[in-house]
Each structure stands twice: as structure tokens, then as C-alpha cells.
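Me: I would like to learn how to read the features of a structural model one by one, with the general idea first and the particular case after it. Could we work through one together?

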Amino acid sequence: MNNELYEKGLKVRREVLGAEHVDKSIANATDFNRIAQEITTTACWGLCWANDDLTRRERSLVNLAMISVLNRPHELSLHVKGALRNGLKESEIRGALTHVAIYGGIPAGMDSFRIASEAIKEYREAQAAGTEK
């Protein structure tokens, strides 16, 4: 494992997904699945998200579309909240999901809107309670 990429990735991953979620995921890793946490942190977050090719806002829009079409509801919920942390407006998320519905299919779009609506509600409730950072 490349420790420099892992540390860069860990920093960005915490900033986008929230430190509590990331730290819990890493703490709950077992001998069997720890490699998945290391790969995700190093490759996704250290190699991809920590470079300057795209802004975090742009990456969030790309991720929302891809994750929606791939039908990954848990990841979509996390990344909707990450997109809000990255400064996306609800209208921009709606715009991305409208593209999903048209280009990726209505079922993918409908599921994504449902998941995103719940994630936005949870994010806003946590903000109001002062638990969202």
C-alpha cells in the first residue's frame, strides 16, 4: 500500500463523506475486508479524488450519475450527502438525476430521486441538530 496516497485519500474521504462515517468504516474492518477499505481509500480517494483534474463539485456530479446508473443505493446516499458537503445545491443534484433518468433509464432515475430525497432530508436534519460537519 502506498502510505502517502492512503493518507491523502483518508483526508479527502473524511472531508467528503464525513469523518464519523469513514472512521466507523475503517474501525469496523475485519481481517477479511480490510483490504477493501485500503483500496478504496488509496485508489478512489488518494489517486482520484485528491488530484486536481476536476473540482470536488464536478466529481460529485459525475459520481451521482455513475452510482445511480450502477444501482448502488448505499453509495448514492453517501455521495448525495458528500455532494452537499462539496457545495452542490439541491437543484444541481436534481439536474444530475434528471440526466440519469433520461440517459440511464426511468427506473434508475426514480430510485435515485427517492434515495437522494431521503439523503438530503437526513443531511438537513443533521445540520439543524448541529451534528453535520
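This is a predicted model: local features need pLDDT of at least 70, side-chain atom pairs count only at pLDDT 80 or more; totals for chains, interfaces and linings use all residues.

Me: How do I read the packing of two helices, and at what angle do the axes of α1 and α2 cross?

Reply: Helices are DSSP runs of H or I with at least four residues, and strands are runs of E with at least two, numbered from the N terminus. An axis is a line fitted to C-alpha atoms, for helices over the stretch in contact, and the angle, from 0 to 180 degrees, is taken between N-to-C directions. Here the axes of helix α1 (residues 3-17) and helix α2 (residues 19-27) come within 6 Å and cross at roughly 130°. Angles under 35 degrees count as roughly parallel, over 145 as roughly antiparallel, 65 to 115 as roughly perpendicular and the rest as oblique, and α1 and α2 are therefore oblique to each other.

Me: Which residues make the contact between α1 and α2?

Reply: Contact means heavy atoms within 4.5 Å. On α1 the contact is made by Tyr6, Leu10, Arg13, Arg14 and Leu17, and on α2 by Ala19, His21, Val22, Asp23, Ser25 and Ile26. For classes, Ala, Val, Leu, Ile, Met, Phe, Trp, Tyr, Cys and Pro count as nonpolar, Asp, Glu, Lys and Arg as charged, and the others, Gly among them, as polar; the contact of α1 with α2 then has six nonpolar, two polar and three charged residues.

Me: How are α1 and α3 oriented to each other?

Reply: The axes of α1 and α3 come within 7 Å and cross at roughly 85°, and these two helices are therefore roughly perpendicular to each other. Among the residues that make this contact are Leu5, Val12 and Val16 of α1 and Gln37, Trp45 and Trp49 of α3. By class, the contact of α1 with α3 divides into nine nonpolar, six polar and three charged residues.

Me: Which residues of α3 are buried?

Reply: Buried means under 20% relative accessible area, exposed over 50%, and partly exposed in between, with a 1.4 Å probe and protein chains only. In helix α3 (residues 34-49), the buried residues are Gln37, Thr41, Thr42, Trp45, Gly46 and Trp49, and they pack against α1, α2, α4 and α5.

Me: How is the chain divided into domains, and how much area do domain 1 and domain 2 bury between them?

Reply: Domain bounds come from an automatic or database domain assignment, which here gives domain 1 (1-53) and domain 2 (54-132). Their centres, taken over C-alpha atoms, are separated by 20 Å, and 12 residues of domain 1 are in contact with 11 residues of domain 2. Buried area is the accessible area (1.4 Å probe) that two parts lose on being put together, summed over both; domain 1 and domain 2 bury about 1000 Å² between them, with 52% of it on carbon and sulfur atoms. Of the area that domain 1 buries against domain 2, Val16, Leu17 and Trp49 supply 54%, more than any other three residues.

Me: Is valine 16 buried or exposed, and what is in contact with valine 16?

Reply: Valine 16, in helix α1, counts as buried at 0% relative accessibility. Leaving aside neighbours within four places in sequence, valine 16 is in contact with Trp45, Trp49, Arg56, Gly82, Arg85 and Asn86.

Me: Where does asparagine 63 lie, and what is in contact with asparagine 63?

Reply: Asparagine 63 lies in helix α4 and is buried, with a relative accessible area of 14%. Apart from neighbours within four places in sequence, asparagine 63 is in contact with Trp49, Ser68 and His79.

Me: What is the phi of asparagine 71?

Reply: Most residues other than glycine have a negative phi. The phi of asparagine 71 is near 60°, a positive value in a residue other than glycine. Asparagine 71 is found in the loop between α4 (56-69) and α5 (73-85), and with a relative accessible area of 48% it is partly exposed.

Methods. Residues are numbered from 1 along each chain as its sequence is written. Side-chain values use heavy atoms; hydrogens and water are left out.
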